[in-house]
Amino acid sequence: MSNLSATLRSAGSAMGLAIAMGLVAFVVFGPLANLVIWAFAEQWFYPNQWPTRWGFEFWGRVFRPRAGAWESLWNSVSIAVATVGLSMALSVPAGYALARLALPARSLIMLIFLLPQAFPSLPIFVNIAAIFYNFGLNGTLFGVVLVHSLPGLVYAVWIATAAFSAVDRSMEEAARNLGAGPLRTFRDITLPQAFPGLMAASIFVFLDSIDEFTGTYFVGAPDIATLPILMFNASMGGNYQIAAITALILLIPSVGFMLVIERFLKADVLSRIGR
Amino acid sequence: MTATTSADARQTPPDPVPGSASRRLSGMLPGLLLVAPALTAIGLLYAAPLVRSLVTAFVGADGTFTFANLEKALEFYGADILFSILVTLASLALIAATSIAIAGYLTLGQSRWAVPLLRWMYRWPLFIPFIVAGQTARSFLARNGMLNTLLADAGVLDAAAAQSLLDWRGLVLTFAWKQVPFVTLLLAGAMASLDRSTIEAARNLGASRLRCLFEIVLPQVRPQLFVALVLSLVTLLSVLSVPVMLISGNPTMMTAMMAHRVTYYGDYAVANALGLFSYLLTAAAAWAYLRMSLKEKANP
């Protein structure tokens, strides 16, 4: 008897657990499924509950030569690549110095590199746009790269510092003892070991730049259209199919990087972030 | 413990000759030269606009010091400031409750299939851009959106009584959807590094898992929960796309009003005054956090 009631109870709790997991799955994937449906819905008018015609018609429209999607995609990718280049060029030396060299007020410098993430960024972007206006940087690719590099630098410096502190110091010392100069030691010993962490930093900067909306909106618009700007304009214009298709394109790097990030950001680097 | 030793090693200068300040400074020169370009970039891209935003908020049209911009911001956008505070507080409450539930289950759950499944599922929105979250919310939560359709199909909701959730509720739900994975990630990480033996001991003494969570696990990870929530607050006060896409009328979030003031009126003064209020909100949260952590250090 007690056996039976125990079995029933465990079956009941397994059922409850299954319902709870179903709910989580619905909350996480429901909105995403909604996006996919919109991307393939050719006709979806009230009061029809579901699309009445499905197909690729809007995909063709988005990728028509003059529709602007290719140009936005090209803008987004080239801005992101340039942002990664600029942020890493500045933060690899800074990260190495913060991890390895003697510095006055090191924790203050680390704090300065954290500040841009510690306060709301929208007023900063508004004023960057006002300052850029004086230099003719508004509406230029270079201006957008600069504004994307601000959040980029924060991620890059912090992760690069952690990556360099995780490098085994004794191997560097051994190389120096064997007669390698500091530059050669850096190139042949330090850099290869820090590489996965630096790669992770680059991925973060790339993702952040691809997804960035607010800074581009103030500095780039209306001359520079990136994918987020294209999506925003389509959505505000009530063109949900175009918006959903652009949103799905934006999801490719986000989800792809989510799946590979753990390969680059190892626990020994993660545990050193902020030290 | 290798981390602490390397951190200690880093703080001792390589050339510790006592009393030779100039020599120590020259030993720091390479480091300073390597940091200088990045620091300059932060100065130009962050410090200069920050100073400009603070100064502009207090300068009138005639170039003199004034509180008029702040007064105007309060008078025109007081309701929006209040709305922003209430929406962020509601979002943070929902985020905290959900993240504690998920992280707690990931730490204390025993199911062999549900724990890995939940771990795999909860992270998905983490890297999804806010603007995509805004677009999906816009079509998912609308009156004729997929949520209401599904609820009506399931017989939970009368289709005629369906409401649009595209108001403060939509903002709270979208913000939570986007931020819960981030807070859960930090929280579950902190919980995973706790000493398991006290939890096991309490479990062996017959404490329920819920009691374990609230009386043993949660008090130990409170600092990490607070940090994650403060970072989320900053994020929510910075997002422009979601409020613009979800809310059509007034009141709305301060970010939308700042953008409105700049794009339609070119009025940087009032926009920056509004920005000042958003700094103050974040500063208040940071201050509350610091006070809490100091108190905990004083009497652990």
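A nonpolar core is a set of buried Ala, Val, Leu, Ile, Met, Phe, Trp, Tyr and Cys residues joined through C-beta atoms within 7 Å. A residue is buried if 20 or more other C-beta atoms lie within 10 Å of its own, exposed if 12 or fewer, and partly exposed in between, with C-beta atoms placed from the backbone. The model is predicted: local features need pLDDT of at least 70 and side-chain atom pairs count only at pLDDT 80 or more, whereas totals for chains, interfaces and linings use all residues. Residues are numbered from 1 along each chain as its sequence is written, and chains are lettered from A and ligands numbered from 1 in the order in which they are written.

**Figure 1. The largest nonpolar core.** This core has 162 residues, and the members that touch the most others are A:Ile159, A:Ala201, B:Leu187 and B:Leu274. Helix H6 of chain A, residues 141–165, gives the most to the core, with 16 residues. Helices (H or I, at least four residues) and strands (E, at least two) are DSSP runs, numbered from the N terminus. In soluble globular proteins, nonpolar side chains tend to be buried together.

**Figure 2. Chain A as a whole.** Chain A has 12 helices and 2 strands, and its pattern along the sequence is α-β-β-α-α-α-α-α-α-α-α-α-α-α. Its radius of gyration is 24 Å, well over the 19 Å that the globule rule gives for 275 residues, so chain A is more spread out than a compact globule. The radius is taken over C-alpha atoms, and the globule rule is 2.2 Å times the number of residues to the power 0.38. Along the principal axes, the C-alpha atoms of chain A fill a box of roughly 75 × 75 × 35 Å. Of the 275 residues in chain A, 46% are buried. Contacts in chain A between residues at least 6 apart in sequence join residues at least 24 apart in 73% of cases; two residues are in contact if their C-beta atoms, placed from the backbone, lie within 7 Å.

**Figure 3. Chain B as a whole.** Chain B has 12 helices and 0 strands, which gives the pattern α-α-α-α-α-α-α-α-α-α-α-α along the sequence. The radius of gyration of chain B is 25 Å, whereas a compact globule of 300 residues would have one near 19 Å. A box of roughly 80 × 70 × 35 Å, taken along the principal axes, is filled by the C-alpha atoms of chain B. Buried residues account for 40% of the 300 residues in chain B. Among contacts in chain B between residues at least 6 apart in sequence, 71% link residues at least 24 apart.

**Figure 4. The contact between chains A and B.** Chain A supplies 71 residues to the contact and chain B supplies 64 residues. On the side of chain A that touches chain B, the largest share, 11 residues, comes from helix H1 (residues 2–40) of chain A. The residues of this side of chain A divide into 54 nonpolar, 13 polar and 4 charged. Here Ala, Val, Leu, Ile, Met, Phe, Trp, Tyr, Cys and Pro count as nonpolar, Asp, Glu, Lys and Arg as charged, and the others, Gly among them, as polar.

**Figure 5. The two domains of chain A.** Domain 1 spans 2–55 and domain 2 spans 66–270, with bounds from an automatic or database domain assignment. The centres of domain 1 and domain 2 of chain A, taken over C-alpha atoms, are separated by 36 Å. Their contact takes 5 residues from domain 1 of chain A and 6 residues from domain 2 of chain A. H1(A) gives the largest share of the domain 1 side, 4 residues. The residues of that side divide into 5 nonpolar, no polar and no charged.

**Figure 6. A:Val84 in helix H3.** A:Val84 lies in helix H3 of chain A and is buried, with 24 other C-beta atoms within 10 Å. Leaving aside neighbours within four places in sequence, A:Val84 is in contact with A:Ser202, A:Val205 and A:Phe206. The C-alpha atoms of A:Val84 and A:Ser149 are separated by 7.8 Å, with the two residues 65 residues apart along the chain.

**Figure 7. The loop between H3 and H4 of chain A.** A:Ala102 is in the loop between helix H3 (69–100) and helix H4 (106–118) of chain A, and A:Ala105 is also found in the loop between H3 and H4. A:Ala102 is buried, with 21 other C-beta atoms within 10 Å, whereas A:Ala105 counts as exposed, with 9 C-beta neighbours inside 10 Å. Phi of A:Ala105 is near 50°, a positive value in a residue other than glycine. The C-alpha atoms of A:Ala102 and A:Arg64, 38 residues apart along the chain, are 56 Å apart.

**Figure 8. A cis peptide bond in chain B.** B:Asn250 and B:Pro251 are joined by a cis peptide bond, with omega about -10°. B:Pro251 is in the loop between helix H10 (241–246) and helix H11 (254–265) of chain B.
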